[in-house]
Amino acid sequence: MAAAGGEQQQMLTQRLKAAVHYTVGCLCQEVEEDKDVQFSKQSIAAISEITFRQCEIFARDLEMFARHAKRTTVTTEDVKLLARRSNSLLKYITQKSEELASSNMEQKEKKKKKSSAAKGERTPGEQEAAVTENEDSNMA
Amino acid sequence: ERSCSSLQHKSALPACVTGQKKMNSHESWSLSPEEFEIWDRLYRIKESDGIKEPVLPRVQFETLEKLEETPFPLQKPEEGAARELSLSEWSVWQNQPLPTSLVDHSDRCHLFIGAMEMMELMRHQQGDCSYEQELQPHLRMEDVNIAGDKRTPSMANPP
């Protein structure tokens, strides 16, 4: 049974690697067009493999950063910590995270208005359920 | 003197300068006059040495706005006077773990070695890529960004 589990794990790994490889191929193509260069298939494969491995490093660090702050949920603060060594990278990530946060806030506001408009017809229990639902969709 | 300081480096600087008398002047962060004399005589790089000052390459992001990233202003000697330490000059040595002393190789170091090994294996491949051929049957289009689909990258020839 352990062997079967390992095999399935292996299949999932291959599937994930294939997705990363495909996406890296797309990104490299953009760079090719932008810089007027050509990537060999081998260089794209190498970038994919390195990206895949880098995800292992990121995942492990993020988990540790969250645990260091006594959290079990990884947040944007942990992601910023990944970039702490480079000023330009940190600035970029921080900017993106602020953009995301403000667009999340906007969506929340919109939903709040909607749900408060519909408030009259709802029982308190239903309202609560609606709020939870909103929060869940914001997390996604 | 040299061997003494290189082997017994556990305290800050020349460990040979122990003894209570000398410890007094060592309490500040900077070198004591005796330590300065040793550093000046044995380790300091001077023009007469005929070697270039070693500097580390500075981080630069090709795809991001460039901010000046020199936490160490000392690392900026005049052009040509410095030798930039290379992290890629000996890449052919890097597909196997090199010896360690007290600190083991980290996981990310092993991942790096593995990637170098993979590149070494692909080095002589022409045209078709074994990595691509191995992974292609595992690709599921629902895993990837559909927007990228239009671009038809080299790998995307759905079976």
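Which side chains meet in a salt bridge at 3.7 Å, N to O? In this predicted model, the partners are Glu142(B) and Arg15(A). By the same rule, the count over all chains comes to 18 salt bridges. The pair of Glu142(B) and Arg15(A) crosses between chains. Glu142(B) lies in the segment after α5 (130-135) of chain B, and Arg15(A) lies in helix α1 of chain A. Across the interface of chain A and chain B, five salt bridges are found. Six residue pairs are in polar contact between chain A and chain B, with both residues at pLDDT 80 or more.

The side of chain A that touches chain B draws two or more residues from each of α1 (2-35), α2 and α4 (87-117) of chain A. Helix α1(A) gives the largest share, 14 residues. By class, this side of chain A has 12 nonpolar, 10 polar and 12 charged residues.

In total, 34 residues of chain A are in contact with 40 residues of chain B. The area buried between the two chains is about 3400 Å². Carbon and sulfur atoms give 60% of that area. Three residues, Arg15(A), Tyr22(A) and Gln42(A), supply 23% of the area that chain A buries against chain B.

One helix pair spans the two chains. Helix α2 (residues 41-68) of chain A packs against helix α4 (residues 107-122) of chain B at an angle of about 170°. Their axes are 10 Å apart. The angle is over 145 degrees, so α2(A) and α4(B) are roughly antiparallel to each other. On α2(A), the contact is made by Gln42(A), Ala45(A), Ala46(A), Glu49(A), Ile50(A), Arg53(A), Glu56(A), Ile57(A), Arg60(A) and Asp61(A). On α4(B), the contact residues are Asp107(B), Arg108(B), His110(B), Leu111(B), Gly114(B), Ala115(B), Met118(B), Met119(B) and Met122(B). By class, the contact of α2(A) with α4(B) has nine nonpolar, three polar and seven charged residues.

Key
Residues are numbered from 1 along each chain as its sequence is written. Chains are lettered from A and ligands numbered from 1 in the order in which they are written. This is a predicted model: local features need pLDDT of at least 70, side-chain atom pairs count only at pLDDT 80 or more; totals for chains, interfaces and linings use all residues. Side-chain values use heavy atoms; hydrogens and water are left out. Axes are lines fitted to C-alpha atoms, for helices over the stretch in contact, and angles run from 0 to 180 degrees between N-to-C directions. Helices (H or I, at least four residues) and strands (E, at least two) are DSSP runs, numbered from the N terminus. Angles under 35 degrees count as roughly parallel, over 145 as roughly antiparallel, 65 to 115 as roughly perpendicular and the rest as oblique. Contact means heavy atoms within 4.5 Å. Ala, Val, Leu, Ile, Met, Phe, Trp, Tyr, Cys and Pro count as nonpolar, Asp, Glu, Lys and Arg as charged, and the others, Gly among them, as polar. Buried area is the accessible area (1.4 Å probe) that two parts lose on being put together, summed over both. A salt bridge is a side-chain nitrogen of Lys or Arg within 4 Å of a carboxyl oxygen of Asp or Glu. A polar contact is a pair of N or O atoms within 3.5 Å; within protein, one must be able to donate a hydrogen and the other to accept it, and residues adjacent in sequence count only if both atoms are side-chain atoms.
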